[in-house]
Amino acid sequence: MNKQVLEHLIEDALHPEFLEIKDRSEAHSSHEQSDGGGHYELRIVCHQFEGMAPLARHRLVNAATESVREKIHALAVKAYTPEEFAALNQPKTRRPTISLNTQ
C-alpha cells in the first residue's frame with residue numbers, strides 16, 4: 001500500500017481541485033504495537049464539501065478509501081472547500097505600527 005493508491009482512489013471518487021498526501025509511515029514504524037499499516041496525512045480541496053460539516057467530509061474520504069482501509073493504520077484528513085482553502089492561503093494583514101516620537 002502506498003500513497004499513489006490513495007491518490008488514485010480519492011481522485012476517481014471525489015475529483016478534488018487539490019490533493020496532497022504525505023506518507024508518515026516511517027515515523028511510526030518503531031511503535032510497540034505497530035501493525036505495519038500506513039500512516040497518512042492528507043489535505044484535500046473539493047467542491048463537493050460545500051455545505052458539509054467536517055465529519056461528513058471525512059466520511060466521504062473514508063468511503064473513497066474503503067477498499068484499502070485494512071492497510072491504513074491512521075489517516076489524518078484536512079478537508080476544505082475551494083473558498084476555505086483560498087482564505088487559508090491569503091496573507092495575514094499586518095496591524096499598522098504606530099511610531100511614538102519621544103523627542
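I am working with a predicted model, in which local features need pLDDT of at least 70 and side-chain atom pairs count only at pLDDT 80 or more, while totals for chains, interfaces and linings use all residues. Residues are numbered from 1 along each chain as its sequence is written, and side-chain values use heavy atoms, with hydrogens and water left out.

I looked up salt bridges (a side-chain nitrogen of Lys or Arg within 4 Å of a carboxyl oxygen of Asp or Glu), and I found three.

For Glu20 and Arg43, I noted a salt bridge with the closest N and O atoms 2.8 Å apart. Glu20 lies in strand E1 (residues 18-23) and Arg43 in strand E2 (residues 38-45), so this pair ties together parts 23 residues apart in sequence; strands (E, at least two residues) and helices (H or I, at least four) are DSSP runs, numbered from the N terminus.

For Arg57 and Glu84, the closest N and O atoms of the salt bridge are 2.7 Å apart. Arg57 lies in helix H2 (residues 54-64) and Glu84 in helix H3, so the pair ties together parts 27 residues apart in sequence. Arg57 is buried at 7% relative accessible area, whereas Glu84 is partly exposed at 32% (buried is under 20%, exposed over 50%, partly exposed in between, with a 1.4 Å probe and protein chains only).

Last, I looked up Thr81, which sits in the loop between strand E3 (72-80) and helix H3 (82-88). Thr81 is buried, with a relative accessible area of 7%, and, leaving out residues up to four places away in sequence, it touches Val45, Cys46, Phe49, Glu50 and Arg57 (contact means heavy atoms within 4.5 Å).
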